[in-house]
Amino acid sequence: MSSLEAVWVQPYDKPGAAVVTGVFDILHVGHVRYLGAVAARGLPLVVGVEDDPRVRAWKGPTRPFNPAVERAEVLSALRFVTGVFVVTGPPEAHGPEDYIDLLAPMRPAALAHTAGDPHAGARAAAAAILGAECWEMAAIPGRSTTRIVNAAGKG
């Protein structure tokens, strides 16, 4: 059993959604276009937001800039997002088996990620185990939270 838990901010309890997980720290046009493209495929879109301790462990002590509950609230406001949950659990629980256990009760029809995702292989394996499609979506060039932060630092 996974040590990850979904804490629902905007509940969605029907099977067959497309599920995306990520940090979504400073929401930008790249996020909006990516999530919109996933939603445009016709399934309800459910978004998982990584919690603050997990993000801090992965990205450093200055991240995230916005707390998970606020990141989830902003995502919930997007008209094409059907459900939002916060992924909680120890930072070391980030392997495919952890996400399989987390997502299995949701019975997703698809798991989506961006092209170039370093975890694409693990996501595809997880999707297969869950009986879901794996959607690789085009990345939006030049649009990332890291780019925004770096540009702001040059001010």
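**View 1. The exposed face of helix α5.** Gly 121, Ala 128 and Ile 129 are exposed, and they sit on the face of α5 turned away from its buried side. Here, exposed means over 50% relative accessible area, buried means under 20%, and partly exposed lies in between, using a 1.4 Å probe and protein chains only. Helices (H or I, at least four residues) and strands (E, at least two) are DSSP runs, numbered from the N terminus. Please keep in mind that this is a predicted model, in which local features need pLDDT of at least 70 and side-chain atom pairs count only at pLDDT 80 or more, while totals for chains, interfaces and linings use all residues. Residues are numbered from 1 along each chain as its sequence is written, and side-chain values use heavy atoms, with hydrogens and water left out.

**View 2. The buried side of helix α5.** Helix α5 spans residues 120–130, and its buried residues are Ala 120, Ala 126, Ala 127 and Leu 130. These residues are on the same side of α5 because they cover an arc of only 120° around the axis; the arc is that of the directions from the helix axis to the C-beta atoms. An α-helix has 3.6 residues a turn, so residues three or four places apart point the same way. The buried residues of α5 pack against α4 (96–103), β5 (110–114) and β6 (133–137), where contact means heavy atoms within 4.5 Å. Just after α5 comes Gly 131, with a positive phi of about 75°.

**View 3. Arg 63 meets Asp 25.** The structure holds four salt bridges, each defined as a side-chain nitrogen of Lys or Arg within 4 Å of a carboxyl oxygen of Asp or Glu. One of them joins the side chains of Arg 63 and Asp 25, at 2.8 Å from N to O. Arg 63 belongs to the loop between α2 (52–59) and α3 (68–76), and Asp 25 to the loop between β2 (18–22) and α1 (29–39), so this pair ties together parts that are 38 residues apart in sequence. Both Arg 63 and Asp 25 are buried.

**View 4. Two further salt bridges.** Asp 52 and Arg 71 form a salt bridge, with their closest N and O atoms 2.7 Å apart. This pair links distant parts of the chain, since Asp 52 is in helix α2 and Arg 71 in helix α3, 19 residues apart. Both Asp 52 and Arg 71 are buried. Another salt bridge pairs Asp 117 with Arg 123, where the closest N and O atoms are 2.7 Å apart. Asp 117 is buried, with a relative accessible area of 14%, whereas Arg 123 is partly exposed, at 24%.

**View 5. Strand β3 and its neighbours.** Six of the six residues of β3 (residues 45–50) are buried, so this strand is largely enclosed by the rest of the structure. Both faces are covered, with Leu 45, Val 47 and Val 49 buried on one side and Val 46, Gly 48 and Glu 50 buried on the other. β2 pairs with β3 in the parallel sense over five bridges; two strands pair if DSSP finds at least two bridges between them. Val 20 has Val 47 as its bridge partner in β3. β3 also pairs in the parallel sense with β4 (residues 83–88), over five bridges, and there Val 46 has Gly 83 as its bridge partner.
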